[in-house]
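User: Hi! I am new to protein structures and would like to learn how to read one. Could you take me through it step by step?

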Amino acid sequence: MAALTADFERNHLLHDQVLAALPAKANVRIYRGALACVATATGLAETGSNSAGLRFAGVVVTGINNLGGAAGVISGGASLAGTERTIQVDTQGSHEIALSGADPVFGDVAFLVDDNTVSKVDPGAGVVVGRFLRPGNYGGWIVDISRAA
């Protein structure tokens, strides 16, 4: 499956969302429904990819078009109004995610390929999304992102 080019309504099993607000990296477009990562060096959110220095953050609930924008911040102060530039991610639950490569079995580790795809084989940097549960209803696999660690 290819990376997202528009907002996407990702199927998921019913669960209570656990939301986290994350400041967005400068000059990025992060789509709703995407798999998002955080750069370990900066703490800034970006589109999911299997790259060194990234950690999976969750499934995007509120995306951002920050193309041409500066890096976001999270603050409680009114003096930074308009500079927050954040996304919200769901950090829990079981979501249907497109699969690249061979079918996994229950409990296999799901590695991030791009902002819309996982694989049972690590494509390089070892960014873990969660654990495979079962085939989904729409061609992907149900992945429990609560078990990313």
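This is a predicted model: local features need pLDDT of at least 70, side-chain atom pairs count only at pLDDT 80 or more; totals for chains, interfaces and linings use all residues.

User: Let's begin with the open sheet. In what order do its strands lie?

Analyst: Strands are DSSP runs (E, at least two residues), numbered from the N terminus. Two strands pair if DSSP finds at least two bridges between them. In this model, 5 strands form an open sheet in the order β1-β7-β5-β3-β4, with antiparallel pairing. The edges are β1 (19-23) and β4 (45-47); each has a single partner strand, so one side of each is left without a neighbour in the sheet. Direction ignored, neighbouring strands of this sheet are turned by 50 degrees against each other on average. Such angles come from axes, which are lines fitted to C-alpha atoms, and run from 0 to 180 degrees between N-to-C directions.

User: Which strand is joined to β1, and by how many bridges?

Analyst: Here is the general idea to keep in mind: in a regular strand the side chains alternate between the two faces of the sheet. Now the case itself: β1 is joined to strand β7 (residues 86-90) by 5 bridges, and the two run antiparallel. You can find this pairing residue by residue: Leu22 has Ile87 in β7 as its bridge partner, and Ala21 stands opposite Gln88 in β7. Strand β5 (residues 54-62) is also joined to β7, by 3 bridges and again antiparallel. There, Val60 has Val89 of β7 as its bridge partner.

User: What does the closed barrel look like, strand by strand?

Analyst: Follow the strands in the order β8-β10-β9-β11-β12: these 5 strands make a closed barrel with mixed pairing. From one strand to the next, the twist averages 60 degrees. For a close look at one pair, take strand β9 (residues 109-114) and strand β10 (residues 117-119), which pair in the antiparallel sense over 3 bridges. Phe111 stands opposite Ser119 in β10.

User: And where is Asn116 found?

Analyst: Asn116 sits in the loop between β9 and β10. With a relative accessible area of 3%, Asn116 is buried. Buried means under 20% relative accessible area, exposed over 50%, and partly exposed in between (1.4 Å probe, protein chains only). The side chains of Asn116 and Arg10 are joined by a polar contact of 2.8 Å. A polar contact is a pair of N or O atoms within 3.5 Å; within protein, one must be able to donate a hydrogen and the other to accept it, and residues adjacent in sequence count only if both atoms are side-chain atoms.

User: How many salt bridges are found in the whole structure?

Analyst: The general idea first: side chains of opposite charge can pair when their charged atoms come close. A salt bridge is a side-chain nitrogen of Lys or Arg within 4 Å of a carboxyl oxygen of Asp or Glu. The search of the whole structure finds 2 salt bridges. One of them joins the side chains of Arg32 and Glu9 (2.8 Å, N to O). Arg32 lies in the loop between β2 (29-30) and β3 (35-39) and Glu9 in the segment before β1, so this pair ties together parts that are 23 residues apart in sequence. Arg32 is partly exposed at 29% relative accessibility, while Glu9 is exposed at 59%.

User: What is there to say about Lys25 and Glu46?

Analyst: Their side chains meet in a salt bridge (3.9 Å, N to O). Lys25 lies in the loop between β1 and β2 and Glu46 in strand β4, so the pair ties together parts that are 21 residues apart in sequence. Lys25 is partly exposed, at 35% relative accessible area, and Glu46 is buried, at 14%.

User: Which two residues form an aromatic pair?

Analyst: A pair of aromatic rings is described by the distance of the centres and the angle of the planes. Rings of Phe, Tyr and Trp (its six-membered ring) pair if their centres lie within 6.5 Å; planes under 30 degrees apart count as stacked, over 60 as edge-to-face and the rest as tilted. By this rule there is 1 aromatic pair. Phe132 and Trp141 form it, edge-to-face, at 5.9 Å centre to centre and 85 degrees between the planes. Phe132 counts as buried at 0% relative accessibility, and Trp141 counts as buried at 9%.

User: Last one: is Val127 buried or exposed?

Analyst: Val127 is buried, with a relative accessible area of 2%. Its place is in the loop between β10 and β11 (128-135). Contact means heavy atoms within 4.5 Å. Leaving aside neighbours within four places in sequence, Val127 is in contact with residues including Cys37, Leu54, Phe56 and Phe111.

Terms used
Residues are numbered from 1 along each chain as its sequence is written. Side-chain values use heavy atoms; hydrogens and water are left out. Helices (H or I, at least four residues) and strands (E, at least two) are DSSP runs, numbered from the N terminus.
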